[in-house]
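The sequence and the model are shown first, and the text follows.

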Amino acid sequence: MFANLLISLGESRIGTAVAESPTLFPWIEVVHVIGIATVVGTIMLVDLRLLGVAALDYPFTRFSRTLLPLTWIGFLFALVSGLLLFSSQPVLYWENWYFRAKMLLLLLAGLNMLLFHFMAARGVTRWERTVTIPAAARIAGAVSLVLWVLVVAAGRWIGFTMTPF
Amino acid sequence: MERLSAWLGSTSLHEAALNQSGWLVPGAQTVHLLAIAVVFGSGLVIALRMAGAAGMEWTPARWNRRLSGWITGGLIVLLLSGLLLIAAEPERALLNGIFQLKMVLVVLAVFLSRVLARRMSRLERRPMLGIDRILAVLLLALWLAIIAAGRWIGYS
């Protein structure tokens, strides 16, 4: 069932176009890199704020509210371009262990974000203007930082274990 | 350039990079990409702040104090990881027209980045001018072109 889905994605018009065009794949990669740079570049600033390393004079809720929309826009670019890259060789990507690791790491980053949102961020208005940040919030920031570094690394390793065409 | 490329290919750094190529090249690319995120993400936030679209809690001068060291750090890491990547595959980079174009754009972007940082630090004492905003957007566009060129080095 799932295998058939992967095969038909690869045989779809989009999949064959990305696989066969000599210029499409690199240009989609450019968009993917820009999306990733936006996600990681903005989320690092938020994570460092959570860790209490920098920007302590910027109340946390306002800091994240001004930066996280950029993170989401970047994520949308990375997601759509990533799906297009994936469609060029769905079966091979799916069988690649670095690809699987990257998807798992992304899932964990999302889970960490949800946990922070529903647990650690409670009472944020009490600490966001002080220099003391609760341990749970610091841990969420550190976990996010590590996970995104690993996502980037896994992505780079996919490129070295697959040939684009 | 041919001689430089040949010389780099004969150095022990090149040997080391190739012998470790299982992880050294993708590792250096990972570091390079993370530093791109630092520099580009900061440039994006700065351009949006200059346009009045984000980060309004801080003045441009305060944003500059937060990000200028962060950007400089990112640029140093980009330079070092980039040098390692060149040492690993000198012909792939040095003799490549797109790589040469990228280096011209990088020199221009680093220069403009210094100019913009200096102008932002003065914005506590003078009003923002159109040229300040144009500079921020231009710099962001340059980083985009540099990222595109960087990705294309591997394909040309």
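In what follows, the axis of a helix is a line fitted to its C-alpha atoms over the stretch in contact, and the angle between two axes runs from 0 to 180 degrees between N-to-C directions. Two packed helices are described by this angle and by the distance between the axes. The model is predicted.

**A helix pair in chain B**

Helix 6 of chain B covers residues 97–121, and helix 7 of chain B covers residues 130–153. Their axes lie 9 Å apart, and the two helices pack at an angle of about 155°. Angles over 145 degrees count as roughly antiparallel, and helix 6 of chain B and helix 7 of chain B are therefore roughly antiparallel to each other. The crossing of helix 6 of chain B with helix 7 of chain B is left-handed. Sorted by class, the residues in the contact between helix 6 of chain B and helix 7 of chain B are 21 nonpolar, two polar and three charged.

**The two chains**

Chain B has seven helices and zero strands, so its pattern along the sequence is written α-α-α-α-α-α-α. For chain A the count is eight helices and zero strands, and its elements run α-α-α-α-α-α-α-α from the N terminus on.

The table lists some overall values for each chain.

| Chain | Residues | Buried | C-alpha extent along principal axes |
|---|---|---|---|
| Chain A | 165 residues | 38% | about 55 × 30 × 25 Å |
| Chain B | 156 residues | 37% | roughly 55 × 25 × 20 Å |

Contacts within each chain can also be sorted by sequence separation. In chain A, 83% of the contacts between residues at least 6 apart in sequence join residues at least 24 apart. In chain B, residues 24 or more positions apart account for 82% of the contacts with a separation of 6 or more.

**Where chain A touches chain B**

Between the chains, 26 residues of chain A are in contact with 24 residues of chain B. On the chain A side, helix 3 (24–51), helix 4 (60–88) and helix 8 (135–161) each supply at least two residues. Helix 3 of chain A gives the largest share of that side, with 13 residues. By class, the residues of chain A that touch chain B comprise 19 nonpolar, four polar and three charged.

Definitions and conventions. Residues are numbered from 1 along each chain as its sequence is written. Chains are lettered from A and ligands numbered from 1 in the order in which they are written. This is a predicted model: local features need pLDDT of at least 70, side-chain atom pairs count only at pLDDT 80 or more; totals for chains, interfaces and linings use all residues. Helices (H or I, at least four residues) and strands (E, at least two) are DSSP runs, numbered from the N terminus. Angles under 35 degrees count as roughly parallel, over 145 as roughly antiparallel, 65 to 115 as roughly perpendicular and the rest as oblique. A crossing is left-handed if the near helix is turned anticlockwise from the far one by less than a right angle, and right-handed if clockwise. Ala, Val, Leu, Ile, Met, Phe, Trp, Tyr, Cys and Pro count as nonpolar, Asp, Glu, Lys and Arg as charged, and the others, Gly among them, as polar. A residue is buried if 20 or more other C-beta atoms lie within 10 Å of its own, exposed if 12 or fewer, and partly exposed in between; C-beta atoms are placed from the backbone. Two residues are in contact if their C-beta atoms, placed from the backbone, lie within 7 Å.
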